[in-house]
Amino acid sequence: MWIYEKKLEYPVKVDTTNPALAQMIMEQFGGADGELAAGIRYLTQRFVMPTKESIAILTDVGTEELAHWEIIETLVWKLVKDAPLDKIKGTPFEAHFAAHGRSPFPGNAGGHPWTAAYIQSKDDPITNLYEDMAAEQKARSTYEYLIQLSDDPGVTDTLKFLREREVVHFQRFGEALMGVQEYKDTKKYL
Amino acid sequence: MIEDNKENYGEVNSEHTNYEDLLLEIQKFEFATVDLNLFLDTHPDNQRALNDYNMYTVELSKLKKEYRLKFGPLANFGSAPSMSPWQWVETPWPWEV
Ligand SMILES: [Fe+2]
């Protein structure tokens with residue numbers, strides 16, 4: 001079960017209205033390497049993990065990713081909520097507006113809706129953890145591109161926090177992988 | 001709405017007098033527990049990390065109690081009793097602050 005806390009994991013201060021930047025940040029809201037894909041991926045894979053440490057890390061990182069998804073949603077919302085039509089027309093956000101208005105929708109920067117085809121889950125903990133480590137690196141790269149695109153200091157600050165978390169998650173998954181490999185080795189020769 | 005809650009709950013002794021300060025303090029302490037929790041998941045025998053986790057947890061629960069008394073519930077589903085009328089719908093949502 002999950003309990004909701006009426007707060008963000010990290011403060012979101014947005015200084016500007018910028019629908020074009022919001023559209024790019026949607027890559028992390030509903031894109032292949034985004035926070036929703038990350039959360040669903042880890043919370044789905046944990047059932048086949050062989051060690052208690054690897055089940056715990058997938059549960060807890062998966063939960064943190066959902067908190068990041070909420071941070072991204074808040075960033076996007078704050079960048080568009082007060083945007084007048086003339087600041088939307090002609091920007092990359094215009095197509096989103098045509099389909100959803102200013103409401104958030106989990107799609108990527110190019111407007112493609114989120115799909116479970118972005119993730120994998122196999123009855124093989126080694127395969128899953130390698131995918132997870134790659135996913136964290138891909139998310140880190142995406143945050144670096146977004147930081148280059150952002151000219152809003154508040155947005156950049158939050159994106160930097162999220163980028164750092166990908167580095168930490170990668171590290172923890174690497175440790176979980178080592179634990180699973182050790183477990184498999186001891187099992188083989190018992 | 002926040003002002004109403006303050007009156008309802010009376011005076012609470014604390015240095016964090018406004019909503020933003022207390023919220024930021026909770027975010028700091030909870031972040032420390034999130035990060036240490038992940039570390040402990042893959043290092044369950046690390047005594048130093050465990051001590052830090054326990055220390056931050058004590059501080060965090062004090063801060064959350066202070067928040068609850070001053071501004072209303074921070075979490076849903078039975079985390080705290082509610083004043084009348086139902087408090088959960090009154091306090092601001094994360095994207096509103
Ligand atoms: Fe992550």
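These legends describe close-up views of a predicted model.

**Figure 1. The interface between chain A and chain B.**
The contact draws 28 residues from chain A and 28 residues from chain B. About 2400 Å² is buried between the two chains, and carbon and sulfur atoms give 60% of that area. Three residues stand out on the chain A side: A:Tyr4, A:Lys6 and A:Lys7 supply 33% of the area that chain A buries against chain B, more than any other three residues. The interface has 10 residue pairs in polar contact, both partners at pLDDT 80 or more. Two elements of chain A, α4 (52–80) and α7 (153–188), each give two or more residues to the side that touches chain B. Helix α4(A) gives the most, with 10 residues. By class, this side of chain A has 14 nonpolar, 2 polar and 12 charged residues.

**Figure 2. Salt bridges across the interface.**
Chain A and chain B are joined by 3 salt bridges. One of the salt bridges pairs A:Arg165 with B:Asp35; their closest N and O atoms are 2.9 Å apart. Elsewhere, salt bridges that share partners link A:Glu5, A:Lys7, B:Glu30 and B:Lys64 into one network. A:Lys7 also belongs to the trio that supplies 33% of the area chain A buries against chain B.

**Figure 3. The A:Glu64–A:Arg165 pair.**
A:Glu64 sits in helix α4 of chain A. Its salt-bridge partner within the chain is A:Arg165, with the closest N and O atoms 2.7 Å apart. A:Arg165 lies in helix α7 and A:Glu64 in helix α4, so the pair ties together parts that are 101 residues apart in sequence. Are the two residues buried or exposed? A:Arg165 is buried, because its relative accessible area is 3%, under the 20% cut-off. A:Glu64 is buried too, at 5%. Beyond its neighbours within four places in sequence, A:Glu64 contacts A:Glu9, A:Arg165, A:His169, B:Val34 and B:Leu38. That list includes residues of chain B. A:Arg165 also forms a salt bridge with B:Asp35. For scale, the C-alpha atoms of A:Glu64 and A:Ile147 are separated by 21 Å, at 83 residues apart along the chain.

A:Glu136 in helix α6 and A:His169 in helix α7 link distant parts of the chain, 33 residues apart. Both A:Glu136 and A:His169 are buried. A:His169 is also a contact of A:Glu64.

A:Ser150 lies in the loop between α6 (125–149) and α7 of chain A. A:Ser150 is buried, with a relative accessible area of 11%. Its side chain makes a polar contact with the side chain of A:Thr156 at 2.8 Å. A polar atom of the A:Ser150 side chain also lies 3.2 Å from the backbone oxygen of A:Asp152. Not counting residues up to four places away in sequence, A:Ser150 touches A:Leu21, A:Val155, A:Thr156 and A:Leu159.

**Figure 4. A:Trp69 on helix α4.**
A:Trp69 is placed in helix α4 of chain A. A:Trp69 is partly exposed, with a relative accessible area of 23%. The A:Trp69 side chain reaches the backbone oxygen of A:Phe29 at 2.8 Å. Setting aside residues up to four places away in sequence, A:Trp69 touches A:Phe29, A:Glu35, A:Leu36 and A:Pro106. A:Gly34 is 35 residues from A:Trp69 in sequence, with a C-alpha to C-alpha separation of 8.0 Å.

Chain B has 3 helices and 0 strands, running α-α-α from the N terminus. Of its 97 residues, 35% count as buried. B:Glu59 forms a salt bridge with B:Lys62, the closest N and O atoms being 3.3 Å apart. The two are 3 residues apart in helix α3 (residues 47–71), so about one helical turn separates them. B:Glu59 is partly exposed, at 31% relative accessible area. A second salt bridge joins B:Lys70 and B:Glu66, with a closest N to O distance of 3.2 Å. B:Lys70 and B:Glu66 are 4 residues apart in helix α3, about one turn of the helix. B:Lys70 counts as buried at 8% relative accessibility, and B:Glu66 counts as buried at 11%.

How values were computed. Residues numbered from 1 in each chain as written. Chains lettered and ligands numbered in written order. Predicted model: local features only at pLDDT ≥ 70, side-chain atom pairs only at ≥ 80, totals over all residues. Heavy atoms only, no water. Contact = heavy atoms within 4.5 Å. Buried area = accessible area lost by both parts, 1.4 Å probe. Salt bridge = Lys/Arg side-chain N within 4 Å of Asp/Glu carboxyl O. Polar contact = N/O pair within 3.5 Å; in protein donor to acceptor, adjacent residues only side chain to side chain. Nonpolar A, V, L, I, M, F, W, Y, C, P; charged D, E, K, R; others polar. Buried < 20%, exposed > 50% of the residue type's maximum accessible area, 1.4 Å probe, protein only.
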